[in-house]
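I opened the notebook to keep track of what I looked up here. The entries follow the order in which I checked things.

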Amino acid sequence: MNRFQTTANNKSKRRQRSSIRPNGAGFQVRVYAGQDPLTKKDIYLHEQAETEVEAEKVRTKLLHHLDENRHPKTQVTMSFLLDRWLGVAELDETSYERTEGIIRNYLKPTFGRRPS
């Protein structure tokens, strides 16, 4: 049976799009946003709400962002992308060394951990 076929009680086996669960003093809202095109890992949008009513509003907002394609498409960092680019850049030896130094000394310390 594939993930789109239904069982005898007519429940779908598709991935649930969102969930709300108790978390600490409030509720965590989690919405599935697809797969990262580079890492192939699942992407989830998360947000915290104080009450279950607020959590429902947050879920509606996140699903709307998802439907409007206003969510991050990848969760890779700038450091990952800079390394990937440096691996395919067609630079002569001195340009490569200079560029690698700029990336290592200036770009990664400033932007390396930020999502792209």
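**Ground rules.** I am working with a predicted model, in which local features need pLDDT of at least 70 and side-chain atom pairs count only at pLDDT 80 or more, while totals for chains, interfaces and linings use all residues. Residues are numbered from 1 along each chain as its sequence is written, and side-chain values use heavy atoms, with hydrogens and water left out.

**Strands.** I took helices (H or I, at least four residues) and strands (E, at least two) as DSSP runs, numbered from the N terminus. Two strands pair if DSSP finds at least two bridges between them. I looked up β1 and β2 and found them antiparallel, joined by 6 bridges. Within this pairing, I20 stands opposite V29 in β2. The two strands form a hairpin with 2 residues between them, and G24 in the turn has a positive phi of about 65°.

I then went on to β2 and β3, which also run antiparallel, with 7 bridges joining them. Here Q35 stands opposite D42 in β3. This hairpin has 6 residues between its strands, and K40 in the turn has a positive phi of about 65°.

For burial I used these cut-offs: buried is under 20% relative accessible area, exposed is over 50%, and partly exposed is in between (1.4 Å probe, protein chains only). In β2, 8 of the 10 residues are buried, so the strand is largely enclosed by the rest of the structure.

**S18.** Is S18 buried or exposed? I found S18 buried, at 10% relative accessibility. S18 lies in strand β1, residues 18-23. Contact means heavy atoms within 4.5 Å. Leaving aside neighbours within four places in sequence, S18 is in contact with R30, V31, R59 and L63. A polar contact is a pair of N or O atoms within 3.5 Å; within protein, one must be able to donate a hydrogen and the other to accept it, and residues adjacent in sequence count only if both atoms are side-chain atoms. The side chains of S18 and R59 are joined by one of 3.1 Å.

**Salt bridges.** I counted a salt bridge where a side-chain nitrogen of Lys or Arg is within 4 Å of a carboxyl oxygen of Asp or Glu. The count by this rule is 4. Among them is R59 with E56, whose closest N and O atoms are 2.8 Å apart. R59 and E56 are 3 residues apart in helix α1, about one helical turn.

K61 pairs with E47, with closest N and O atoms 3.0 Å apart. This pair links distant parts of the chain, since K61 is in helix α1 (residues 52-67) and E47 in strand β3 (residues 42-49), 14 residues apart. K61 is partly exposed at 37%, and E47 is partly exposed at 27%.

K108 and D83 meet at 2.6 Å, N to O. They too link distant parts of the chain: K108 is in helix α3 (residues 93-111) and D83 in helix α2 (residues 78-88), 25 residues apart.

**Loop.** I noted L38 in the loop between β2 and β3. L38 is partly exposed, at 36% relative accessibility.
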